[in-house]
Amino acid sequence: MQHFTLPAAARILAMAKDNYRTQTFTLAARLSAQPGQFVMAWLPRFDEKPFSLVAADPVTLMITAVGPFTQLAHTLQPGDSLWIRGAFGKGFCVAPEQRHLALVGGGYGVAPLLWLARQQLAAGRQVTVVVGARTAADLLYLDHFEQLSARVPAGRLTLRLATEDGSLGHAGRVTDLLAPLVSAGHVDGLYACGPHGMLNAVETLARQAKVACQSSWEAYMRCGLGICGSCEHAGKILCLDGPVLSATS
Ligand SMILES: Cc1cc2nc3c(=O)[nH]c(=O)nc-3n(C[C@H](O)[C@H](O)[C@H](O)COP(=O)(O)OP(=O)(O)OC[C@H]3O[C@@H](n4cnc5c(N)ncnc54)[C@H](O)[C@@H]3O)c2cc1C
Ligand code: FES
């Protein structure tokens, strides 16, 4: 297991289509890392962008095509290479006394949560996963969470869905599903990744109910090393202090 300080070529072993604009890349590389950490992925002579680790052994990335880098990545084929460096940043850190966790993912924010769910179920915790997106077509990794649920004792992993247009699951936002769980005292830790608006809403719920909460924040990253300052968010350098930050009370 290792850390890549400089970009290292990692051959693409497999590419799986997750939805109309998202693919999961499995790479011939292994890293020492924790859920919530990220790598910088480089396409030579083009650009370099950060991606959460879906898994570290083998390195697995979920890439949603939203712009030039991600669209070019989608044209690669198994056998081609992506260059990666990392793993960087601080991941999720679950307190030993927490027993029932809610993992909340919006859009491609589910990327680090499957690994976190697997890890926490193995540690004997109960996990509720709340996945949200704009439409049913945008929801990600439902099949992976369902497969994981089938492999653990009944009731240990609960999956709840929300779509803003009501095309699958609850019609509305993830926080509509989370609020009753939190206010009833059913969960003692919230772990979230997704758009900033969703993270702010989850943190507000957590503060009101006095439940511990960690969120993975996105920012524009260049160096990934704490040098360039481009990833500053709320007074923190996200590539070093985050991307996972504890909500302040
Ligand atoms: C710590 C960290 C982890 C990340 N993990 C992942 C991950 O696991 N998977 C992943 O796909 N991305 C992830 N990202 C985001 C990824 O780095 C960006 O999406 C990347 O900048 C896209 O590069 P691009 O050149 O394709 O598009 P850009 O030119 O950077 O963006 C194109 C346009 O799309 C907009 N945009 C960016 N994201 C979205 C979106 N989700 N929906 C709609 N519009 C959007 C931008 O604002 C911009 O206007 C992560 C970012 C950070 C900081
Ligand atoms: S990306 Fe350069 S300081 Fe964080």
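This is a predicted model: local features need pLDDT of at least 70, side-chain atom pairs count only at pLDDT 80 or more; totals for chains, interfaces and linings use all residues.
Residues are numbered from 1 along each chain as its sequence is written, and chains are lettered from A and ligands numbered from 1 in the order in which they are written.

**Two domains**

Let us start with the overall layout. The domain assignment, which is automatic or taken from a database, gives domain 1 (4-88) and domain 2 (100-217). Their C-alpha centres lie 24 Å apart. The contact between them takes 12 residues from domain 1 and 12 residues from domain 2; two residues are in contact if their C-beta atoms, placed from the backbone, lie within 7 Å. On the side of domain 1 that touches domain 2, β1 (4-19) and β6 (59-64) each supply at least two residues. Helices (H or I, at least four residues) and strands (E, at least two) are DSSP runs, numbered from the N terminus.

**The core**

The largest nonpolar core has 72 residues. Such a core is a set of buried Ala, Val, Leu, Ile, Met, Phe, Trp, Tyr and Cys residues joined through C-beta atoms within 7 Å. A residue is buried if 20 or more other C-beta atoms lie within 10 Å of its own, exposed if 12 or fewer, and partly exposed in between, with C-beta atoms placed from the backbone. Among the residues with the most contacts inside this core are V59 and L178. The core draws at least three residues from each of the two domains. Not counting residues up to four places away in sequence, V59 touches A10, L27, A29, R30, L31, V39, L53 and I84.

**Around ligand 1**

Ligand 1 is surrounded by 20 residues, and the closest are T64, G67, F69, T70 and A111; to be near it, a residue needs its C-beta atom, placed from the backbone, within 6 Å. Domain 1 and domain 2 both give residues to this shell, so ligand 1 lies between them. β4 (47-52), β6 and α1 (68-74) are the elements that give two or more residues, and β4 gives the most, with 4 residues.

**Helix α4**

The buried residues of helix α4 (residues 174-183) are V174, T175, L177, L178, L181 and V182. They cover an arc of only 155 degrees around the axis, which puts them on the same side of α4; the arc is that of the directions from the helix axis to the C-beta atoms. On the other side, P180 and S183 are exposed. The buried residues pack against β8 (100-106), β9 (126-133), β10 (157-163), β11 (170-171) and α5 (196-209). After α4 comes G185, whose phi is positive, near 75 degrees.

**Two residues side by side**

Leaving aside neighbours within four places in sequence, L238 is in contact with W217, A219, C231, H233 and P243.
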